[in-house]
Amino acid sequence: MAAAAADRRFKIFAAADAFGQPLKDAVVAHLRAHPSVADVVDLGVDKYYAAAAAVARSVIATPTSSSDPALEARGVVVCGTGAGVAIFANKYPGVYATHCATAADAANTRSINACNVLALSGLATPPDAAAAIADAWLATPFRAPCPASGDAPWPDDIQRFFDSAPAEMAAIPDISSASVPDSACAICCLRKGMEFEPVGIMPGGEMRIVRESPTSAYVRFKAGSVEPAHHHTFGHDLVVISGKKKVWNLTKKESYDLVDGDFLFTPAGDVHRVKYFEDTEFFIRWDGHWDIFLDEDLDAARSAIDAELGAATAK
């Protein structure tokens, strides 16, 4: 049974892009002082889509605790307009993100849509307005009277609709009962019939450039392939379509394990090497024209990777 409105408590995950960071910081500070908020996890600043994905994943991965059933996971995402983070957060089933410009927007979307991720505009919404929006968002239960209902209880027919809405929303998309053609994905459609060219300096790799400048490409590598340490003049974003790879950013001394659907941005000039553990395909876009500069040879890369993976296995 859902907790009564007065008993609800929240664990909130927050993130933003650079345009939204000042407002995100102000909202996080406000929420940490809010009596209904048990915890705020600040996931920091990233590209707008990566920030939205981090919050969405955290919200849907946080189960209701049997020891504290009143504790509810929510998210706050902020970018320049609030639109981009809302669009991307809503790609995750179980996330209902809404950009709100007023407290009335927040009350309406909580009452009608059971919004669990609040999106805000870092360029258009001042901190005091954002605090009022967040307060309304936390205070309004699903199906509550709200400005859209004239602040009066919803009619019986609307209440009956709301009773069935959560289960119906959770079933979309239900891939077990619907056949989705490959062509439904724009990237998969783009890849159909594509002719690849081998990447000569990267054995096992093939690439198809789909736009020259800024360069966008569809890339695939065979399992076991290695990209020696290298860098580019321009930074690049990539999304893994399928497969499994590990990227070592040697400049930042960080590593990333990437699988289906994962995103990564590598800044201009950062030296990085890559290992492919499965046949892997990904879409990549540079901020300018594609180029590549090798910082080590293939044998040195394989030796460094084998040594690190071997040391990790031995622990």
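## Basis of the model

The structure is a predicted model in which local features require pLDDT of at least 70 and side-chain atom pairs count only at pLDDT 80 or more, while totals for chains, interfaces and linings use all residues. Residues are numbered from 1 along each chain as its sequence is written, and side-chain values use heavy atoms, with hydrogens and water left out.

## Overall make-up

The protein chain contains eight helices and 16 strands, taken as DSSP runs numbered from the N terminus (helices: H or I, at least four residues; strands: E, at least two). Of its 315 residues, 41% count as buried; buried means under 20% relative accessible area, exposed over 50%, and partly exposed in between, with a 1.4 Å probe and protein chains only.

The chain exposes about 15,700 Å², of which carbon and sulfur atoms supply 57%; the areas come from the Shrake-Rupley method with a 1.4 Å probe, and for residues only the protein chains shown count as cover. Among contacts (heavy atoms within 4.5 Å) between residues at least 6 apart in sequence, 70% join residues at least 24 apart.

## The largest cavity

Cavities and pockets are found on a 1 Å grid over the protein atoms alone: a cavity is a set of points where a 1.4 Å probe fits but cannot get out, a pocket is an open set with protein on both sides within 12 Å along at least five of seven lines, and lining residues have an atom within 4 Å of a point. Grid points are joined across faces, edges and corners, and a volume is the space filled by probe spheres set on the points. By this rule there is one cavity of 30 Å³ or more.

The largest cavity has a volume of about 210 Å³. It is lined by 21 residues, with Glu227, His230, Phe282, Ile284 and Trp286 closest to its centre. Strand 8 (216–221), strand 9 (226–231), strand 10, strand 11 (244–249), strand 14 (272–276) and strand 15 each contribute at least two lining residues. The lining comprises 14 nonpolar, five polar and two charged residues; Ala, Val, Leu, Ile, Met, Phe, Trp, Tyr, Cys and Pro count as nonpolar, Asp, Glu, Lys and Arg as charged, and the others, Gly among them, as polar.

## The second largest pocket

The second largest pocket has a volume of about 440 Å³. Of its 17 lining residues, Tyr49, Phe88, Lys91, Val239 and Phe263 lie nearest its centre. By class, the lining has eleven nonpolar, two polar and four charged residues.

At least two lining residues come from each of helix 2 (48–60), helix 3 (83–89), strand 10 (236–242) and strand 15 (280–286). Domain 1 (9–169) and domain 2 (186–313) each supply at least three, the domain bounds being from an automatic or database domain assignment.

## Helix 4 and positive phi values

The buried residues of helix 4 are Ala106, Ala107, Asn108, Thr109, Arg110 and Ser111. Their cover includes strand 3 (71–79), strand 4 (97–99), helix 5 and helix 6. Just after helix 4, Ala114 takes a positive phi of about 50°, in the loop between helix 4 (103–113) and strand 5 (117–121). Ala114 is buried, at 18% relative accessibility.

Asp151, a residue other than glycine, also has a positive phi, near 60°. Asp151 lies in the loop between helix 5 (127–139) and helix 6 (156–170) and is exposed, with a relative accessible area of 56%.
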